[in-house]
Amino acid sequence: MVLMATFNIPLSKEMAGVFSLLMTLQAKSLFLKPLDRESTAHYILTVMARDLGEDISHNTTALVSIDVLDENDNVPRFDNATTKLINISENAIVGSRIFTFSASDSDLGVNAEITFSVASGNFKETFRIDGPSGSLYLARPLDYEDKNNYILNVSASDGGTPKLTTTIKVVIKILDVNDNAPRFSSTAVVRQIEESIPPNTPVVTLTAQDRDSGVNGKSFLTSHIKIHQVIISPCNLKLVSCTPPK
């Protein structure tokens, strides 16, 4: 006896064009276009089989449930901008949390498990990042006068095989604090002058410098000398002779 039957799948709009049947005595489902689990993770098909009887035709249906398995085909995506600017004071405490990065991955399971790392730019291992949480911490003391900015490449990698990675640039600017005292170029100055020198004759010029920046680095010099006229500029103090008081 020869069995003859036809098969068909009544498809919804969502499944139209995704599956087709290979018309044989044993129906086989074929893919018409690539699957994307992130778009549709599950399909339920109704397959109908109908015989080719001339007088009376019979049919039956079966439900076919299809689960689409995940592949590691999506890279992690940072929730923040592609370039991040972070400001931190140079007197920040070692061990303090500076920033927490976050990222997402559309895959499932280990393919969506994200680990963060500092790929490059971590001068003298000044910073450390907690891999699972993405929290960035200060690992060493900062000094604006030695280095006032860092450019890190921070990566987010999934747990797939092979793993997929996304990297963003992070600019860390160090803010100056007033942590340096002004320093004279010479702390002991000795000058011998004649008592007959004319008034307003320059006697000695003192210079002070401060390693801080901005207003923190501007030095204003004062003097407690009363027998001489004092001329003050932002960075220099000049002593000149004057007529002795009567």
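## Ala62 and its contacts

Leaving aside residues up to four places away in sequence, Ala62 touches Leu45, Thr46 and Val47. Ala62 is part of strand E5, which covers residues 59-67. One of the residues it touches, Leu45, is 17 residues away along the chain, and the C-alpha atoms of Ala62 and Leu45 are 8.1 Å apart. Is Ala62 buried, partly exposed or exposed? Ala62 counts as partly exposed because its relative accessibility is 41%, and that class lies between the limits of 20% and 50%.

## The model as a whole

The structure is a predicted model. Its secondary structure consists of 18 strands and zero helices. The protein has 246 residues, and 26% of them are buried. Its accessible surface is about 16600 Å², and carbon and sulfur atoms account for 54% of that surface.

Contacts can also be sorted by distance along the chain. Of the contacts between residues at least 6 apart in sequence, 59% join residues at least 24 apart.

## Confidence

The mean pLDDT of the protein is 75, with 62% of the residues at 70 or more. Over residues 1-7 the pLDDT is below 50, and this stretch has 19 contacts in the model beyond near neighbours in sequence. The pLDDT also stays under 50 over residues 224-246, a stretch with 61 contacts beyond four places in sequence.

Which element of the protein has the lowest mean pLDDT, and which the highest? The lowest mean, 43, belongs to strand E17 (residues 229-232), and the highest, 97, to strand E11 (residues 127-129). Where pLDDT is low, the predicted coordinates should not be read in detail.

## Asp79 in a loop

Asp79 sits in the loop between strand E6 (77-78) and strand E7 (83-89). Not counting residues up to four places away in sequence, Asp79 touches Ser102, Ala103 and Ser104. Ser102 is 23 residues from Asp79 in sequence, while the C-alpha atoms of the two are 5.6 Å apart in space.

## Backbone exceptions

Most residues other than glycine have a negative phi, and most peptide bonds are trans. Some places in this model depart from that pattern.

The peptide bond from Thr161 to Pro162 is cis, with omega near -5°. Pro162 belongs to the loop between strand E13 (149-157) and strand E14 (165-175).

Lys124 has a positive phi, near 55°, and is not a glycine. Glu125, also not a glycine, has a positive phi of about 50°. Lys124 is in the loop between strand E10 (115-120) and E11, and Glu125 lies in the loop between E10 and E11. Are Lys124 and Glu125 buried or exposed? Lys124 counts as exposed because its relative accessibility is 56%, over the limit of 50%. Glu125 is exposed too, with a relative accessible area of 55%.

## The second largest pocket

Rolling a probe the size of a water molecule over the atoms shows where empty space is left. The second largest pocket of this protein has a volume of about 170 Å³. How many residues in its lining are nonpolar, polar and charged? The lining has four nonpolar, one polar and five charged residues.

Lys124, with its positive phi, is one of the lining residues.

Conventions
Residues numbered from 1 in each chain as written. Predicted model: local features only at pLDDT ≥ 70, side-chain atom pairs only at ≥ 80, totals over all residues. Heavy atoms only, no water. 1 Å grid on protein atoms, 1.4 Å probe; cavity = no way out; pocket = protein on both sides within 12 Å on 5 of 7 lines; lining within 4 Å. Points joined across faces, edges and corners; volume = space filled by probe spheres on them. Nonpolar A, V, L, I, M, F, W, Y, C, P; charged D, E, K, R; others polar. pLDDT = per-residue confidence, 0-100. Helix = DSSP H or I, 4+ residues; strand = E, 2+ residues; numbered from the N terminus. Contact = heavy atoms within 4.5 Å. Buried < 20%, exposed > 50% of the residue type's maximum accessible area, 1.4 Å probe, protein only. Areas by Shrake-Rupley, 256 points an atom, 1.4 Å probe, with all protein chains shown as cover.
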